Amino acid sequence: MFEIYQFTCRSDNFGVLVHDPKYNLTASIDAPDFETVEAALHEKGWQLTHIFTTHHHFDHVAGHKALKEKYGCLVIGPEKEKDKIPCINQTVQDGDHLSFGSVAFKVMETPGHTLGHVIYYCPEVGVLFAGDTLFPLGCGRLFEGSALDMWQSLQKILALPGDTKIYCGHEYTSSNADFAMVIDPENEVLKKRFEEVKAFRDADKPTVPTILKQELLTNPFLRVGDYNIRQKLGMLEASDEEVFIEIRRLKDNF
Ligand SMILES: [Zn+2]
């Protein structure tokens, strides 16, 4: 139903273009910078029609103004961050459905990394654009929201089908893998994934997208109920939220 083209930009950001050939629409998921998004459009021969913004951080909106000037594209972003997103002309909030050619994206608010952060989920294609909320083997840093906000946001992702393909804003997987091995060293699936991640990064290949069910088996932030992790943290009796908050605290100091 659509083609997805991912490319690297800035130091560790991903740019993503989503193209619907039938309706000749192309959306950029965020716009980390003008030149790289423009080069990707040129390479594919696509005309930009939409920008779907996940949050207001500079490395996600730096290309908005120049792309809007060049293409006159529709700039969509979270209602709660509309004053911080350049050239925005359509706002979205939790539960909105955003029509895009043959499909629709469901908008979910996921506060934590920023207070107004949104993610875009397309059930027809089984793909999620998670911005800086969930990363392979990790989750977003808490710049504005609390750990509890982030935990509740991640529950929305956990409710999606296991085979959901997840794109995100950065290549952080190698350092996330190092941390995951400290928290969950007995996990055989994680050990194997750790080796894969290192091999991919050594070959300069991206580790994104990921698949939700793979995260459920290996991402410590989603495995707070795991006995071995709880035992390792000395938190066998704690609530899931408490374990999550502790793992986030440990990662911040890793
Ligand atoms: Zn960010």
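Predicted model: local features only at pLDDT ≥ 70, side-chain atom pairs only at ≥ 80, totals over all residues.
Me: Where does Asn176 sit, and which residues is it in contact with?

Reply: Elements come from DSSP runs, numbered from the N terminus: helices are H or I with at least four residues, strands are E with at least two. Asn176 belongs to helix α5. For contact, look for heavy atoms within 4.5 Å. Once neighbours within four places in sequence are set aside, Asn176 is in contact with Phe135, Pro136, Leu137, Gly138 and Lys251.

Me: Which backbone atom does the side chain of Asn176 reach?

Reply: Here you want a polar contact, a pair of N or O atoms within 3.5 Å; within protein, one must be able to donate a hydrogen and the other to accept it, and residues adjacent in sequence count only if both atoms are side-chain atoms. The Asn176 side chain reaches the backbone oxygen of Pro136 at 3.1 Å.

Me: What does the side chain of Asp20 reach?

Reply: The Asp20 side chain reaches the backbone nitrogen of Ser102 at 3.0 Å. A polar atom of that side chain also lies 3.1 Å from the backbone nitrogen of Tyr23. Asp20 is in strand β2 and, at 1% relative accessibility, counts as buried. The C-alpha atoms of Asp20 and Phe2 are separated by 4.6 Å, although the two residues are 18 apart along the chain.

Me: Which residues coordinate the zinc ion?

Reply: Donors are N, O and S atoms within 2.8 Å of the metal (3.2 Å for Na, K and Ca); water is not among the atoms, so sites may look incomplete. In this model, His55 (NE2), His57 (ND1), His113 (NE2) and Asp132 (OD) coordinate the zinc ion at 2.2 to 2.4 Å. Along the chain, these donors follow the spacing H-x1-H-x55-H-x18-D. His113 and Asp132 are buried.

Me: Why is the arrangement of the four donor atoms around the zinc ion called irregular?

Reply: Four donors count as tetrahedral if all angles lie between 85 and 135 degrees; four count as square planar and six as octahedral if opposite donors are over 155 degrees apart and all others between 65 and 115; anything else is irregular. The ideal angle for four tetrahedral donors is 109.5 degrees. Around this zinc ion the angles run from 87 to 174°, which makes the arrangement irregular.

Me: On to a helix: which residues of α6 are buried?

Reply: Leu190, Arg193, Phe194 and Val197 are the buried residues of α6. The arc to read is that of the directions from the helix axis to the C-beta atoms. These four cover an arc of only 110° around the axis, which puts them on the same side of α6. They pack against α5 (173-183), β14 (210-211) and α7 (212-218). The face turned away from that buried side carries the exposed residues Glu188, Lys192, Glu195 and Asp202.

Me: How many residues does α6 have, and what span does it reach?

Reply: The expected span of a helix is 1.5 Å times one less than its number of residues. With 15 residues (188-202), α6 reaches 22 Å from its first C-alpha to its last, close to the expected 21 Å. At its start, a side-chain oxygen of Asn187 comes within 3.0 Å of the backbone nitrogen of Val189. After α6 comes Asp204, with a positive phi near 60°.

Methods: Residues numbered from 1 in each chain as written. Heavy atoms only, no water. Buried < 20%, exposed > 50% of the residue type's maximum accessible area, 1.4 Å probe, protein only.
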